[in-house]
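Trainee: Could you take me through the aromatic rings and what surrounds them, in one go?

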Amino acid sequence: MPVLLESVEADSPALWALAEEARAEGYEHIDRMVERWRADLNRFNKAGELLLAARRGSEVVGVGGLSIDPYLSDPEIGRIRHVYVRKHARRIGVGQALLKKLLSAANGSFKTVRVRAAARGGAPEFYDAVGFTRINAEDASHIWRCAAVDAGRR
C-alpha cells in the first residue's frame, strides 16, 4: 500500500493514536509538538516550513516537520522536527518518504538542515543511511547540506 503525504495541523485528531503510541514507547516529542502548536510557538507556517502526516489507507502512520531551527538565529538553517513512525509501519519506507519530502521542501529555502536524533531506536543510523552527516553539537546530531537557496522564495 503506498504512502500518502499530506499537510497536517499538530493538534489534528488524525494524530491522536500516533501520539499515544509514541508516549507509550517513551517518546515525548509528539506531545511537545502539540503543546507548542497550541501555544502558538511553532505552527510550521513560516517560509519553508511544513508539517506532514504519512497515511497508509485511512491510518496516519507517521509524522514529521521542517521548521527554521529554533536553536540558532539564522533563518536559512532549517530543522527536521518531531519525526515519528508507528511501530507496525517501520522499515517499509514511511520514514524515508517523509524525510525525502521534507528535504525536498528544504532545498531552495534553507542552506542546511539539522536534526537531533534520539539515541535509541535506530534513529542515528536512519539519518546516516539517508545521507545526513553526523556532527558533534549540543543541540543537533546530524546535518544535511541543501541545494543553493533561491532568494526569490524567501
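Mentor: Start with a definition: a charge sits over a ring if NZ of Lys or CZ of Arg is within 6 Å of the ring centre and within 35 degrees of the ring normal. R120 does this, lying over the face of Y27 at 4.0 Å from the ring centre. Keep in mind that this is a predicted model, where local features need pLDDT of at least 70, side-chain atom pairs count only at pLDDT 80 or more, and totals for chains, interfaces and linings use all residues. Residues are numbered from 1 along each chain as its sequence is written, and side-chain values use heavy atoms, leaving out hydrogens and water.

Now for rings meeting rings. There are four aromatic pairs here (Phe, Tyr or six-membered Trp rings with centres within 6.5 Å; planes under 30 degrees apart are stacked, over 60 edge-to-face, the rest tilted). Y127 and F132 have ring centres 5.3 Å apart and planes at 80°, so they meet edge-to-face. F132 and W144 form a tilted pair, because their planes stand at 45°, with centres 5.4 Å apart. F132 is buried at 5% relative accessible area, while W144 is partly exposed at 21% (buried is under 20%, exposed over 50%, partly exposed in between, with a 1.4 Å probe and protein chains only). Y127 is buried too.
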